[in-house]
Amino acid sequence: MRQAPEIVIILARADNGVIGKDGDLPWRLPADLKHFKALTLGHPMVMGRKTFDSLPGLLPGRRHIVLTRDTRWTGEGAEPVRDPQQAIAVAAASTVAVIGGAEITRLFLPLADRIELTEVHFEAEGNTSIDYPDPADWLEVAREDHPAQGGRPAYSFVTFRRAHCQRPDTPL
């Protein structure tokens with residue numbers, strides 16, 4: 001019997017919940033981009049179509065699985081899927097990185113084992129936001145704080161693990 005993959009949600013979020021502005025990040029943090037690359041390299045990434053369209057191009061060393069309602073949509077280098085279960089099946093990997101946007105993150109949250117969150121410590125302007133992980137469901141297991149520098153805001157890399165050993169859909 002094949003073991004279920006580890007589902008990892010990777011996101012950056014301002015203190016006020018903002019994660020995006022007009023299809024882009026409302027901040028520039030080179031260290032966060034390096035962190036994102038380290039977390040995703042070698043793993044299939046699941047994302048929504050808008051997130052795929054916002055990328056500067058295909059990210060080397062990673063598969064791009066795109067969850068979309070449009071059954072006719074195609075994108076060069078993308079593997080379109082229709083729902084989270086199909087995304088996980090298509091990924092066929094021990095770790096699956098879910099990279100956004102907000103709607104995709106919400107869909108995968110009940111299935112996720114871990115959240116890798118970059119807390120960006122300022123109140124960002126934006127039109128896309130997401131709630132903080134519910135402490136009843138998630139335990140903070142690691143934190144790495146970084147001060148503001150060179151006009152860039154302070155930020156923290158935070159790892160959360162699901163508080164319960166088993167996901168709701170995983171048998172004991």
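**View 1. The largest pocket of the predicted model.** The space in this pocket comes to about 1,300 Å³. Its lining is made up of 43 residues, and T51, S54, I99, G100 and G101 are the closest to the centre. Two or more lining residues come from each of β1 (6-14), β2 (18-20), α1 (30-40), α2 (49-54), β6 (95-100), α4 (102-108) and β7 (114-120). Helix α1 gives the largest share, six residues. Sorted by class, the lining holds 19 nonpolar, 12 polar and 12 charged residues.

**View 2. The salt bridge between E6 and R114.** The model has 10 salt bridges. In the pair shown, the closest N and O atoms of E6 and R114 are 3.1 Å apart. Because E6 belongs to strand β1 and R114 to strand β7, the pair ties together parts that lie 108 residues apart in sequence. E6 and R114 are both buried.

**View 3. The salt bridge between E119 and R143.** The N to O distance between these side chains is 2.8 Å. E119 sits in strand β7 and R143 in strand β9 (residues 138-146), so distant parts of the chain, 24 residues apart, are linked. E119 has 8% relative accessibility and therefore counts as buried, the cut-off being under 20%. R143, with a relative accessible area of 36%, is partly exposed.

**View 4. The salt bridge between R143 and E140.** The side chain of R143 also meets that of E140, at 2.8 Å from N to O. E140 is partly exposed, at 42% relative accessibility.

Note on methods
Residues numbered from 1 in each chain as written. Predicted model: local features only at pLDDT ≥ 70, side-chain atom pairs only at ≥ 80, totals over all residues. Heavy atoms only, no water. 1 Å grid on protein atoms, 1.4 Å probe; cavity = no way out; pocket = protein on both sides within 12 Å on 5 of 7 lines; lining within 4 Å. Points joined across faces, edges and corners; volume = space filled by probe spheres on them. Helix = DSSP H or I, 4+ residues; strand = E, 2+ residues; numbered from the N terminus. Nonpolar A, V, L, I, M, F, W, Y, C, P; charged D, E, K, R; others polar. Salt bridge = Lys/Arg side-chain N within 4 Å of Asp/Glu carboxyl O. Buried < 20%, exposed > 50% of the residue type's maximum accessible area, 1.4 Å probe, protein only.
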